[in-house]
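Please look through the model below before reading on.

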Amino acid sequence: MAAVVMRLPVARKAVGPSGSRGGEKHLVVPGDTITTDTGYMRGHGTYVVEEKLVASVAGAVERVNKLVCVTPLKTRYNGEVGDIVVGRITEVQQKRWKVETNSRLDSVLLLSSVNLPGGELRRRSAEDELAMRDYLQEGDLISAEVQSVFSDGAVSLHTRSLKYGKLGQGVLVQVSPSLVKRQKTHFHDLPCGASVILGNNGFIWIYPTPEQKDEEAGGFTTNLEPVPLSDREVISRLRNCIVALVTQKLMLFDTSILYCYEASLSHQIKDILKPEVMEEIVLETRQKLLDLEG
């Protein structure tokens, strides 16, 4: 018979509106007046009525010189050139794969935008087109980089570097793209024994750190050896830590994940998802990040 966990209700602390640093960013809801100054240009998420700049979405106000836009707190992924994404192959078409990347439209990975097995540099032939399912098939997970964005918002991907390609064994966590912090690198080998790929599209891949990189495969081979129990426990703990950070609306990057992992070591893996434990470890993580910035 399965055990039932029961918890008594606890009084939660009231969270007041957070003051913005330097007054640069503040939260708005649809209909809020952002500014009455006519010198500003209208950006995404805003419209002008009676010479006032008004928000059309709920989110954070961002100003770049005279351009004012509102970045939504919860939205689908809007691709930008150079973004690192994790996606799932949904369809194999003529000379291209369709990829689900959490955006409004399916992304496209062209046959000419992938490395051939062995790293060959040549034109793609009819034989390559017939062998597309040998490279990637429906259901496969890949890491890729955004090569270009079409006028309708659809994204074109490429995997021309050996660090991109087919993903093997691991755990996929889906979060809001607005919670993934933009950094120089989104591939992180954490000291706890696992690695993470923080996709700008909100897909996060956690996998055991490989002992050696396979340079010859061209990103198409996956290691299907059994993963040791210790590695699986680390991956499970990291997954629960990321879920805790997302629940408490804390930005995801390598340092915040590592601090949260360290704060959770005193708890069992399954207990991390309990609301009171989640609140405790995220509060400790937030304090460490503030100390680091201070």
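With which residue does Glu80 form a salt bridge? The partner is Arg182, and the closest N and O atoms of the two are 3.6 Å apart. A salt bridge here is a side-chain nitrogen of Lys or Arg within 4 Å of a carboxyl oxygen of Asp or Glu. This is a predicted model, in which local features need pLDDT of at least 70 and side-chain atom pairs count only at pLDDT 80 or more, while totals for chains, interfaces and linings use all residues. Residues are numbered from 1 along each chain as its sequence is written, and side-chain values use heavy atoms, with hydrogens and water left out.

The structure holds six salt bridges. Side chains of opposite charge can pair when their charged atoms come close. The pair of Glu80 and Arg182 links distant parts of the chain, 102 residues apart: Glu80 is in the loop between β7 (67-72) and β8 (84-93), and Arg182 is in the loop between β14 (171-174) and β15 (187-189). Strands (E, at least two residues) and helices (H or I, at least four) are DSSP runs, numbered from the N terminus. Glu80 is partly exposed at a relative accessible area of 44%, and Arg182 is partly exposed at 47%. In these terms buried means under 20% relative accessible area, exposed means over 50%, and partly exposed lies in between (1.4 Å probe, protein chains only).

A further salt bridge joins Lys288 and Glu262, with 3.5 Å between the closest N and O atoms. This pair also links distant parts of the chain, since Lys288 is in helix α5 (residues 275-293) and Glu262 is in helix α4, 26 residues apart. Lys288 is partly exposed at 27%, as is Glu262 at 38%. Lys274 and Asp271 meet through their side chains at 3.4 Å, N to O. Lys274 counts as partly exposed at 22%, whereas Asp271 is buried at 18%. Salt bridges with shared partners join Glu80, Asp83 and Arg182 into one network.

Next comes the sheet. Three strands form an open sheet in the order β2-β5-β4, with antiparallel pairing; two strands pair if DSSP finds at least two bridges between them. The edge strands, each pairing on one side only, are β2 (33-35) and β4. On average, neighbouring strands of this sheet are turned by 45° against each other, direction ignored, with axes fitted as lines to C-alpha atoms and angles running from 0 to 180 degrees between N-to-C directions. Four bridges join the antiparallel strands β4 and β5, and Val48 has Leu53 in β5 as its bridge partner.

The loop between β4 (46-49) and β5 (52-55) holds Glu50. Most residues other than glycine have a negative phi. Glu50, although not a glycine, has a positive phi of about 50°, and Glu50 is exposed at 68%. Asn102 likewise is not a glycine and has a positive phi of about 70°. Asn102 lies in the loop between β9 (96-100) and β10 (107-114) and is buried at 11%.

Ser256 is buried, with a relative accessible area of 0%. Leaving aside neighbours within four places in sequence, Ser256 is in contact (heavy atoms within 4.5 Å) with Leu245, Met251, Thr285 and Leu289. A polar atom of the Ser256 side chain lies 3.0 Å from the backbone oxygen of Met251, and the side chain of Ser256 also reaches the backbone oxygen of Phe253 at 3.0 Å.

Notes: Polar contact = N/O pair within 3.5 Å; in protein donor to acceptor, adjacent residues only side chain to side chain.
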